[in-house]
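Reader: I'd like to go through this model with you. Can we start with how the copies meet?

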6 protein chains.
Amino acid sequence: MTDIITFGELLLRLSPAGAKRIIQADSFDACFGGCEANVAVSASCMGLKTAFVSKIPSGLLGDAAIAAIRKYGVDCDRVVRGGNRLGIYYLEKGADARPSRVVYDRAGSSIAESDESEFDWDTLLLDTKAIHLSGITPALSESCRKEVSDAVAAAKRHGVTVSFDLNFRGKLWSAEKAGSCISGLIPGIDILIANEEHCKILFGVAADDIKDEHERIIAVAKQMSERFGIAKVVITMRKSISSFDNCFSAMLYDRDLGESFFSVEYPIHIVDRVGGGDAFAAGLLYCVLTGKDPKYTIEYAAAAGVLKHSIEGDFSTAASGEIDELVRNGRSGRLAR
Amino acid sequence: MTDIITFGELLLRLSPAGAKRIIQADSFDACFGGCEANVAVSASCMGLKTAFVSKIPSGLLGDAAIAAIRKYGVDCDRVVRGGNRLGIYYLEKGADARPSRVVYDRAGSSIAESDESEFDWDTLLLDTKAIHLSGITPALSESCRKEVSDAVAAAKRHGVTVSFDLNFRGKLWSAEKAGSCISGLIPGIDILIANEEHCKILFGVAADDIKDEHERIIAVAKQMSERFGIAKVVITMRKSISSFDNCFSAMLYDRDLGESFFSVEYPIHIVDRVGGGDAFAAGLLYCVLTGKDPKYTIEYAAAAGVLKHSIEGDFSTAASGEIDELVRNGRSGRLAR
Amino acid sequence: MTDIITFGELLLRLSPAGAKRIIQADSFDACFGGCEANVAVSASCMGLKTAFVSKIPSGLLGDAAIAAIRKYGVDCDRVVRGGNRLGIYYLEKGADARPSRVVYDRAGSSIAESDESEFDWDTLLLDTKAIHLSGITPALSESCRKEVSDAVAAAKRHGVTVSFDLNFRGKLWSAEKAGSCISGLIPGIDILIANEEHCKILFGVAADDIKDEHERIIAVAKQMSERFGIAKVVITMRKSISSFDNCFSAMLYDRDLGESFFSVEYPIHIVDRVGGGDAFAAGLLYCVLTGKDPKYTIEYAAAAGVLKHSIEGDFSTAASGEIDELVRNGRSGRLAR
Amino acid sequence: MTDIITFGELLLRLSPAGAKRIIQADSFDACFGGCEANVAVSASCMGLKTAFVSKIPSGLLGDAAIAAIRKYGVDCDRVVRGGNRLGIYYLEKGADARPSRVVYDRAGSSIAESDESEFDWDTLLLDTKAIHLSGITPALSESCRKEVSDAVAAAKRHGVTVSFDLNFRGKLWSAEKAGSCISGLIPGIDILIANEEHCKILFGVAADDIKDEHERIIAVAKQMSERFGIAKVVITMRKSISSFDNCFSAMLYDRDLGESFFSVEYPIHIVDRVGGGDAFAAGLLYCVLTGKDPKYTIEYAAAAGVLKHSIEGDFSTAASGEIDELVRNGRSGRLAR
Amino acid sequence: MTDIITFGELLLRLSPAGAKRIIQADSFDACFGGCEANVAVSASCMGLKTAFVSKIPSGLLGDAAIAAIRKYGVDCDRVVRGGNRLGIYYLEKGADARPSRVVYDRAGSSIAESDESEFDWDTLLLDTKAIHLSGITPALSESCRKEVSDAVAAAKRHGVTVSFDLNFRGKLWSAEKAGSCISGLIPGIDILIANEEHCKILFGVAADDIKDEHERIIAVAKQMSERFGIAKVVITMRKSISSFDNCFSAMLYDRDLGESFFSVEYPIHIVDRVGGGDAFAAGLLYCVLTGKDPKYTIEYAAAAGVLKHSIEGDFSTAASGEIDELVRNGRSGRLAR
Amino acid sequence: MTDIITFGELLLRLSPAGAKRIIQADSFDACFGGCEANVAVSASCMGLKTAFVSKIPSGLLGDAAIAAIRKYGVDCDRVVRGGNRLGIYYLEKGADARPSRVVYDRAGSSIAESDESEFDWDTLLLDTKAIHLSGITPALSESCRKEVSDAVAAAKRHGVTVSFDLNFRGKLWSAEKAGSCISGLIPGIDILIANEEHCKILFGVAADDIKDEHERIIAVAKQMSERFGIAKVVITMRKSISSFDNCFSAMLYDRDLGESFFSVEYPIHIVDRVGGGDAFAAGLLYCVLTGKDPKYTIEYAAAAGVLKHSIEGDFSTAASGEIDELVRNGRSGRLAR
């Protein structure tokens, strides 16, 4: 039995060490990541059985990519091997007033050029509880769009919970294209993860006249829930003070309960800016699949997202106990000896 | 003439570089440390003549351990060589909301399995002004308990000043065992270093009904002083905001003066969480042995502790002039060119 | 279906970078290894389905140890978690005239202190083709000896091929104890891997009066085969010229064919001295399980062992195609672009 | 056509990695820098055509020094090669309460021992818009003083804009000597960059009785402008909270407009403490040479200085667009994907 | 006046540190390289004025690529900026019996997708003595083929010396396609660099029945010279013993002199396998452009190629004096103090 | 009681990592070294009590220099602190055909500018068995020449064994100056270490007409012994094949025995080229002071020198047991487990 399957692109991430800029670097820290793989790894470290579906090239690079997530217990047996190249993203880590910069070099990757016939979702989703998808994959190519659409349809056929993270990437496609495409994918899914800005620019869903942030966020979530018929709409809230300092909190709107649940707001001093939302999604799914109550769910997910920012690389390696400890004790960082 | 002798375990410390977690590491930063060795090194860097007493295995690891403290001028001629292994502690450095984690692997170490006959304190303490001990060594084994007890007795015989840092380690023994054992060691010693929490859980000494922190700390110190007949009781106060941010201050209660002296409170952005208390103890002893007044003493000790958090590894390498500069100028960090 | 199960200790290996000595190091390269885990990883990289059985502590270190071999596709579901510590071996890599030095710090490890009741071999060996064991595990403790003995017995009951690598370690036990213990373990097993020196000092099996090396090696193998009733006896031959330069070759004696097969002799310029024999064993098992002829088998095994010396760490990551390429083309190292 | 020529010393900078102290280091991060070279590189990265004039030794070290700035597009054809040694400065980076420490080892460098006849300023300044100098070069030697004086005179002859950064270095000469020497260099130049403290201790120019910081700074600038007949006086304001935390802002007084322009004040979490003032100077010159209005000029210069603190080494590599982005958007550090 | 222009692709090269394999790496050493850029850098370090022509993307990666060669004095003003991506090649460095492995990820690079109208060779070749091209560029795309062809034609029009290195890359195109394409490019050029194997598989030019290596090499060179009307044909001879050990020598056939000149044969212990042929080509051109005699020319070129193998990265940084020293003194490696 | 005092300069050594060239480096491996300090450290690691005499600047750099040798047990209490700077030598490590390059930056160092009155040799040599000096120190300055001369005189007064290593450095002074100066220092000393080339160019002592190397070396040694009245003349013989490969052997001529003793000749694959001669000298002194016979003495010294080439940095850390093991077993580099 698999708890969560995720489907998407696994990229090589290259970053100059520490605060070095690309022009200064004579080496790159290398790891692998990508929204959906990050969710699979993070959920596996929390204790769920997870599997990753993708297309990854044969050879030394592809082998290394797969080994990198298999290391954390993610089942990679469903990965299709082949195609021309592994996508890359360069991450020049920001510092203080200098923002992080991402350079995508993912065109022509094996998954972008995959064919939808390579993914038989009825088989892939056998004995699976949930599938997690994001708005990045349909941005990669026409075939990827079709593959995500097929996956959602199959999941519905088999009663598999569908979770979708909007994750709009302006460097991959326009808000117009994204909004139109994703509008066709998310109706009737179980869980949607979004932020206020993306709801507005992709779907025109906003509540800008409400001053109170909590009220406004709830209003946006309700509109999303209604418009797309989604039971759980989750909104993440990030305030960016500098490259080093952010604040993070989140809200879970549960249509069936008719209630909204806010996490505490965490100040964060950032070690690694990437993957926080993915760890958050993994935490959310962990609680949904293990039957936690909604208040704990949103606290756990937020804590998982916050902890990720203290961990290098795309993946959160936080164990469930570590996340729970943060939920219960707050971020005092006390050293136990 | 030796100013300070310290006695305890010297361990190999292994930490993943920077904010990496153990599961991500393919190398460990390696240094050596341990409460009492840290005090010896830190006091040596301040300008005192110090010596370290311990049992350390023969061979490549033990040689490296000794070289690491001899480098800073600590006299190692009194170290007994032999036994089976060098204790280790793994330190996964925390970051922001993620606390540092210590994994002890010190069972069966040479000192834990040493025999009290290997340490002839009457000889070891010849021409020595002070000995510094801590609550860690008696937690290691029955023989270590006896060795500490012998050392205290010999020091009293020879008029050597005895300084003792409670340093309760819950991963080594229970509060009950620690309280009972240490109650037998500290009566009549000269200097006790403790914090509020440990006074309470080890000895039930508390003043929780006093709201004002300074008043409460004084009350605890007085009780400790009275109960164990100790002339100087020093209480350190650490507030943990996150793995990166702490506040630190300290108080010296001088029974003979009947007065209490508080240092300023420092905010700290932490580079290395370990060894602050040991640098503090070294600073305290430095002032006591060089005849500084109590107000300067507590300020100097606190500044030494604070500076340590800006230095990698277990040891403080701060020179006396650097500490004095911090006492006099505060932590502006101005660059002199 | 599992091709090979291996059982033994997985250790943390700590080495100063490059040619640094331990006393010079302020960091250690860290990897995980141990004879039987090495065989599992190496065989997995060749394409076999492998599983590792051991006892490994819970917590950060144990998690990292397991992740390190799961990364390469080894099934770790049969590992027992618990106990007190992970064994360590320090490896100070030699250079030229300076030999590598190994310092074991493995006493008291979880597997050494495991109980034989923790390993139910009838279950563990279900659907398994072969088990690989070595002379290191019985050297760890009385219970480990019993566990190896139980494993051999169960394998025989279930018709599982048993492969055993003598791997005498003089730092763990005496030749006398080893000879006596192992004499009880290997009668009737399928494959024995040994070298000339160990046959002599453990069992007194030698043919020193035969000058011709090939003839002498065959004579030793035949004696071993006869004395212990073993169908395939494999002898490895290493000549040590310096820490950097070795020569390596091997011989397979097949009792049922009544023939001996020698590999070519390779000169080796060493990158990493450890794990060559384990990669050799994995190569041997790969060929046996995939039905290769004996001449190719010994060539492939030798090439696998040689290639390992060009790879950092305990594990060989050589794919089957790479090994075959070396068998067919020799070690010209030509760059394909 | 060259936009800016700078003249001064290029040094090798050696720093222990991260927060390590010199006594702990077994390697030094190495880069090249020095006030005037920093301005040339920073302005080149902003898009100006810049050239560097100096004397740098022949051989491996000098070649590396030149390559380091040529890399960023600085024209080095006017550098004189020869002399005995390359100056060095050791930078032990501070952390939190521990200040950074600079150790100069620059006596006897090629430029300090150069002869003024080696620099023919009428030729060097051909087709040049501006020259930037600082108070460091005249501190190096008598001949350097003469070279700076010659350069200013030639620039005036040819209508080249002269910019001068006081940059008093107390480790190189006394305030008295500096004040007296520089008083002879700056009369009638176009742009002077200073801070309040140096105006006071070098020239006795102060307005200490004015409480309001902005008013006081303006008063100081006006006095400097009047006393030395300088059209643009720029005052930088740095508040040092700790080695990690500073605040930075600046003011431009334009005599001809009779107006003062203040930048916003930035909090800074420091990655590298050195070179901020040089990037500021480069930003200032960039705006002056490209005809920006004074309000934007001071904002751009301040932003350039602030961004530098997020970049390792002496040089700012910030492109003009990055600086403009900070001026327009503030330091939110948002990640664009 | 420019001595040599080279035209081709500049790639990012990514290699695991030391002997690590890609699957083991958590960082990649990063440098930039590519046949023609290597020649430009190497010749610049020898003292020639060189310029590089290419198309390189805008942004952080492209800026870094250009800075990397500008650092060594190569004029980059003729580089066209734009297009989609920078090509990459992964280099897993071999060791001993394990060959180095190159993975190309260069499809879709800016130069591969450039348009021939972007390169106006009549302008680009103004005041230029020689152009160096290779068989790699025409393998990249149809437009690149046209660009090389245009460059050769323009060079002939302007009397610019044309040097061409066959550099057949089987991973980029077939021998048939390469032979057919290059046959159209090289007739009438001035210098051709090749090896025996490529002459045979691309053009069927061989002399396999001649046993004596020198005689055979001369025969091949003569055939190439005659068939394509080339004045100087240079043949390099590499013997690959292992990834660490090669032998290298070369021969220059001068049609007009009717003579052949062989270099000595060097044993090489390899630090970096890539770029030896490019340093060789640079050395050859250096001698041709500075009028050296043919015997010294081939010795200097061979020494330049050999020295490159002792230098990390794609570029040779050997100064002309260093190469000459090797020609005159041989490879004793004596240390001068 | 001190076994050996050495007197000379302790320098900071800066080397790019691995085979990188200085122009490629963005960090330098840093260690400390210098002929006489190397002898003190190496002899200390062999088990002798050693002390180092020098003048070293106050402050961070000087502290680090002293800590670096105190770490290995060398007594530094006799070091004078003060003066202007610590000398530096840059070492660009060679590789294969590329020789190592040393750049001295030691002019103006504290010891070079020391005054002979700072060293009171009658006190410094109290309770000392031997003093080791070299031809480097008198090359530094007039005062250093006087200090060495004073030391020799005092040693003779006190019956302290004097050992002198010619160590001619052509980058510091001419052969003429060196020969003339050293001729005044060495008459009547106890042990002289030299090589054939230096005997010839400094003193014109040669036996070039003797073909047999051993005979020739003996003849040179005898001439040196006679001319300068020295009881033990030791000649080292290094053959340089490449930067990686050398051969090393040595000969001890004992005038009083009238015999010559040659060590075996070792091939060496070099890790670090510097300090071999110093480890050799330490080994020689170790045997002389511990009363070993001359054959073992020269074997031990040669083995110590050879082992040094396998160790990074200037210092040999080889223990006496390791050296003896090499003498007895040869350089097979067998791994003991």
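Author: A term comes ahead of that: contact means heavy atoms within 4.5 Å. This is a predicted model, where local features need pLDDT of at least 70, side-chain atom pairs count only at pLDDT 80 or more, and totals for chains, interfaces and linings use all residues. Residues are numbered from 1 along each chain as its sequence is written, chains are lettered from A and ligands numbered from 1 in the order in which they are written, and side-chain values use heavy atoms, with hydrogens and water left out.

Reader: Fine. Do the copies meet through different surfaces or through alike ones?

Author: Through different surfaces, because only 4% of the interface residues of chain A are also interface residues in chain B.

Reader: How many residues of chain A are in contact with chain B?

Author: 23 residues of chain A touch 26 residues of chain B.

Reader: And what area is buried between chain A and chain B?

Author: About 2,300 Å², with carbon and sulfur atoms giving 51%. Buried area is the accessible area (1.4 Å probe) that two parts lose on being put together, summed over both.

Reader: Which residues of chain A lose the most area to chain B?

Author: Arg331(A), Leu335(A) and Arg337(A). Together they make up 32% of what that side buries.

Reader: How many salt bridges between chain A and chain B?

Author: The count is 5. A salt bridge is a side-chain nitrogen of Lys or Arg within 4 Å of a carboxyl oxygen of Asp or Glu. Among them, Arg334(A) pairs with Glu197(B), with the closest N and O atoms 3.2 Å apart.

Reader: Which helices and strands of chain A each supply at least two residues to that side?

Author: Strand E15 (266–269), helix H9 (294–308) and helix H10 (320–329) do. Helices (H or I, at least four residues) and strands (E, at least two) are DSSP runs, numbered from the N terminus.

Reader: What classes of residue are on that side?

Author: The side of chain A that touches chain B has 11 nonpolar, 5 polar and 7 charged residues. Ala, Val, Leu, Ile, Met, Phe, Trp, Tyr, Cys and Pro count as nonpolar, Asp, Glu, Lys and Arg as charged, and the others, Gly among them, as polar.

Reader: Last one. How many helices and strands are in chain A?

Author: Chain A has 10 helices and 15 strands. Its C-alpha trace spans about 50 × 50 × 40 Å along the principal axes.
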